[in-house]
Amino acid sequence: RGDDRERNKNIGDGGDAMEKDCKIMDTDTSGTDEKGMIAKGDDAESRKSHKPVEDGEEPSDDGELNISKANNNATTNAAIGGRQDEIIGDDDDDHHPVGSEAKETKSKEHPNVVRRRSVADDIKAQVEVVEKKILKVDRWGTVVTASDQNDPENPNAKADSEPLEKDELKWEIKWAEMLGKWSKYKDPEKVSKIKQRIRAGIADAVRGAIWPKLCGADIVQQKAPGLYQSLLSKDLKEGDEIQLAKDLHRTDPRNVIFYNKGIGQESLYNVLKAYCLYNPKVGYCQGMGSLASLLLTYVPEETAFFIMDRLMSHPKYSCAGLYERGFPELMKQLQVFTRLMRKLDPKLANLLGEKGVDPVIYAFRWFQGRFYEFPKELFIRVFDIYLLEGKKIIYRLALYLILSRRKEFFKAKDEEIFALARDIRSKPYTKEAPNAKKLIDRAIHKIRVTRKKIDKYERAYEKEVNTNVTR
């Protein structure tokens, strides 16, 4: 320190500053209070040598902690899966590797001191990280973690789809050839070949290229260059910003691009923000996230925005009314669904009505989320058809799911009917329709509901609503 002072004489004020620093370093900071608190002004070495001793731990000669149940950090790390940088899925910024310097947090009781995380807390955090480690991702982008596999009852432990079929490559080639000739299909819905293929399932490799063409979003995007970027440069209202930020981590959490604060969350935020600004009448609603997340699984975020706008504004989809205040379109679709069920099976409709099993109990999310809660393969396959045919496929599948369980409803006791209706949301498959392909096939061929009939019922409902408003 004497040499430092001598050198500092030649550099004026800088010497005084260095001398001040040297005096600070000379301060005794060895004391800790009885709760293991350490003053914020302590130097790093003092903090290292005066960590609070937890139960079952003894201080070593050099001041570090030894863990009684684990002889060294290597043993602990081996038990939890290896090096920290090999662990996938840490969603907590507070997690620290075992053996690293403990996390400091402010004490509420004593604002001028910091409390240290115990080594036991760090071990617990490491175990949580390992349980969230991604073991595999299925073909639909759904992650399977270590904790899933340890629980045989957890549906995420199983693959969400059947193995790839042997002729799937041929199917992709057929779709690629059709994509190359797409310009000659002026109205894809009226081309029987396209309708048949889409009902059979779009090849996953070309899904991102086909979706914008089915709804016309590709043409709209070409006519509005720069629109998306200009929307992102604006600010959201405070209320929308807060709600959107809250919902991001809850949207499609098992999708690999969103899992554990994944990179897709920024794109999800951008798409929802842009649409909220573009259509302030609708604004932001929590249910929009499921739609945007599905689109982002296959298309870039700007394309996802234009597809979303097309679904919201085009009368074939009318999605805006599913999210507007009062959910006018959603209420209309549920009423039309009820009337169609009375037409197709009046006895079952009467039974459910007498027992108070309203469609809102089981079908609300079907119509608003287009079966978002169903197995991912079924959700995506339904969306393929939805883009081409509109809400007709939603009515057909919803009606089939209820009517196909007719015998079960009549056999069920009063208290069992509600549970049966709710269970369909998580258990759509039956012995007759054990997978997505067969369920969709049966819904299309068993439920003969046309768009013309749907439009007729919707107009009748709208007329009734307008009459009541006039009164």
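Helix α16 (328-344) packs against helix α20 (residues 392-403) through a set of contacts, a contact being heavy atoms within 4.5 Å. On the α16 side stand Gln333, Val336, Phe337, Leu340, Met341 and Leu344, and they meet Tyr395, Ala398, Leu399, Ile402 and Leu403 of α20. By class, this contact has 10 nonpolar, 1 polar and no charged residues. Here Ala, Val, Leu, Ile, Met, Phe, Trp, Tyr, Cys and Pro count as nonpolar, Asp, Glu, Lys and Arg as charged, and the others, Gly among them, as polar.

The model is predicted: local features need pLDDT of at least 70, side-chain atom pairs count only at pLDDT 80 or more, and totals for chains, interfaces and linings use all residues. Residues are numbered from 1 along each chain as its sequence is written, and side-chain values use heavy atoms, with hydrogens and water left out.

Two packed helices are described by the angle between their axes and the distance between the axes. The axes of α16 and α20 come within 11 Å and cross at roughly 50°. That makes α16 oblique to α20, since angles under 35 degrees count as roughly parallel, over 145 as roughly antiparallel, 65 to 115 as roughly perpendicular and the rest as oblique. Axes are lines fitted to C-alpha atoms, for helices over the stretch in contact, and angles run from 0 to 180 degrees between N-to-C directions.

A second pair to look for is α9 (residues 207-215) with α19, whose axes come within 8 Å and cross at roughly 35°. Arg207, Trp211, Leu214 and Cys215 of α9 meet Ile380, Arg381, Phe383, Asp384, Leu387 and Leu388 of α19. This contact has 7 nonpolar, no polar and 3 charged residues.

Two loop residues also deserve a look. Phe327 sits in the loop between α15 (301-313) and α16, and its phi is near 50°, a positive value in a residue other than glycine. Phe327 is partly exposed, with a relative accessible area of 27%. Arg370, in the loop between α18 (359-369) and α19 (376-389), has a positive phi near 55°. Arg370 counts as buried, at 3% relative accessibility; buried means under 20% relative accessible area, exposed over 50%, and partly exposed in between (1.4 Å probe, protein chains only).

Across the whole protein there are 24 helices and 7 strands, taken as DSSP runs (helices H or I, at least four residues; strands E, at least two) numbered from the N terminus. Buried residues make up 44% of the 471 residues.
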